[in-house]
2 protein chains.
Amino acid sequence: MSAKEENTLPMGMFMDLERSGPIPLYFQVSQRIEKAILSGELPAGSRLENEVALGQRLGLSRPTVRRAIQEIVDKGLLVRRRGIGTQVVHGQVTRKVELTSLYDDLTNTHKVPSTHLLALETRVADAKTAERLGVAEGSPTLYIRRVRLADDVPVAVMENWLPEEFIGIEPNDLVAHGLYQVLRSRGVTMRVARQHIGARKSTNEESVLLEIEKNAALLTMDRTAFDNSGRAVEFGQHCYRPDLYSFEVTLVEK
Amino acid sequence: MSAKEENTLPMGMFMDLERSGPIPLYFQVSQRIEKAILSGELPAGSRLENEVALGQRLGLSRPTVRRAIQEIVDKGLLVRRRGIGTQVVHGQVTRKVELTSLYDDLTNTHKVPSTHLLALETRVADAKTAERLGVAEGSPTLYIRRVRLADDVPVAVMENWLPEEFIGIEPNDLVAHGLYQVLRSRGVTMRVARQHIGARKSTNEESVLLEIEKNAALLTMDRTAFDNSGRAVEFGQHCYRPDLYSFEVTLVEK
DNA sequence: CAGTGGTCTAGACCACCGA
DNA sequence: CGGTGGTCTAGACCACTGA
């Protein structure tokens, strides 16, 4: 009778799905279940109703319900065991690393972001840049260097290289909206990003820009991002003040 | 007639699927496609055969083929566009961060791992440990502190706390097999892990243990891992030599 | 317009688990 | 044994893309 483990909460009546709207049914269902977990309505360790029963109550087929649940399993909030059922994972929920820009991260935590633009110029691609962007060595690229600040405190120094077609981006847009927002407004959608996270000491110049002591420890991240056609659209080399920024990752074993 | 983009390689006859074995069909298919991408048989930018046609040629239903392709999309090797098709992402492939132990990482890169065991003892859970492991403050936990080496060069200092039930783990097993392997042999399967990656300066003791200069930059990672019932089974606080270790992450926008 | 992926259905059989 | 999730089928309709 231990209430913690056996607590089957079949979320009463809170389902009125929009069957003809543009939002997929599985997504509507997964969002509501996720909301119930995050709000504590489905506490850690509680069991979810089984897939068939849930499907019948909602008037959905089993594959649709299953996909909804799988979405949340992939986020690390639910755990499934064959023959047992689906349970809410213990442990407080943390935000996941997502394919977003630093700008988005900062606004999400209710800090006011701003930008000091250090460089915005055309540069010839060296070997490394050419390889990362998948362009010919020696071809022109757009080079950007910025300091990003949160509540007027410097957080990161960011260098970016973009393919030739983006030469012409306005400095004002970059300062006002952030790089990823500018790219989105030009019809570019990021799909895949490969990141490399490490650490090193700061250079003297970086220490000044970030307002930290000399030879301080820095968190570094290199990233190459690809759009929905698979072409590289951005290559970045960034370093962060580790007292103000870090990465969260949720891993799910398949 | 640009061979790069239009290169439809329908991978000739290399499909003889085992329909009655224990390996799922979608997995067999996804593995072969992935292999074809990694081997260069399907070069960057080439288009995959469409889902229905592929299903017919393989004698599989569309959902099964679709799931096989989706697996690879989630790994960041393929990109799908409605009305267009499925293409191989540009850019060289890198290994993904996975839910594995450091021990596994090192053996995969063909270095010989070893361990210096610094501590293996019972400790009372303080507030932080109790919260991370989901146990009562003051309850006994197993505390482990190790230096991990690759080819006899120190790479990381690792601290771990485990719930009461694991008290009794043998020092010899820990040195010979690594923590995750010991847990697996006790029937524990990791399912979800939440990691936090940052950076800081090394303490004097860490500098000695890792054979680096004082106040060097360190890469740090905290992790809480959960088993398939959703219970926390391990909480770790680790620091790495950034010249020998870093994290790779592949992000896929859904 | 024809072709593509995105979603959804209503079943089915199986493997694994606890009682 | 009954209940659970894991896999698979053979269709269907839709939204989006390019020519």
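A polar contact is a pair of N or O atoms within 3.5 Å. In this predicted model, a polar side-chain atom of Tyr26(A) lies 3.1 Å from a phosphate oxygen of DNA strand C.

DNA strand C is surrounded by 25 residues, and the closest are Leu25(A), Ser61(A), Thr64(A), Arg66(B) and Gly83(B).

Sorted by class, the surface near DNA strand C holds 10 charged, 8 polar and 7 nonpolar residues. Several elements each supply at least two residues to it: α2 (25-38) and α4 (62-74) from chain A, and α4 (62-74), β1 (78-81) and β2 (85-88) from chain B. The largest share, 4 residues, comes from α4(A).

## Relation between the two protein chains

Chain A is superposed on chain B by a rotation of 180° with 0.0 Å of shift along the axis, at an RMSD of 0.0 Å. The two chains are therefore related by a two-fold axis. Within chain A, Ala217(A) has the C-alpha nearest this axis, at 2.3 Å.

Both copies use the same surface, as 100% of the contact residues of chain A recur in chain B.

Key: Residues are numbered from 1 along each chain as its sequence is written. Chains are lettered from A and ligands numbered from 1 in the order in which they are written. This is a predicted model: local features need pLDDT of at least 70, side-chain atom pairs count only at pLDDT 80 or more; totals for chains, interfaces and linings use all residues. Side-chain values use heavy atoms; hydrogens and water are left out. Copies are superposed by least squares on the C-alpha atoms of residues with pLDDT of at least 70 in both. Contact means heavy atoms within 4.5 Å. A residue is near a molecule or strand if one of its heavy atoms lies within 4 Å of it. A polar contact is a pair of N or O atoms within 3.5 Å; within protein, one must be able to donate a hydrogen and the other to accept it, and residues adjacent in sequence count only if both atoms are side-chain atoms. Ala, Val, Leu, Ile, Met, Phe, Trp, Tyr, Cys and Pro count as nonpolar, Asp, Glu, Lys and Arg as charged, and the others, Gly among them, as polar.
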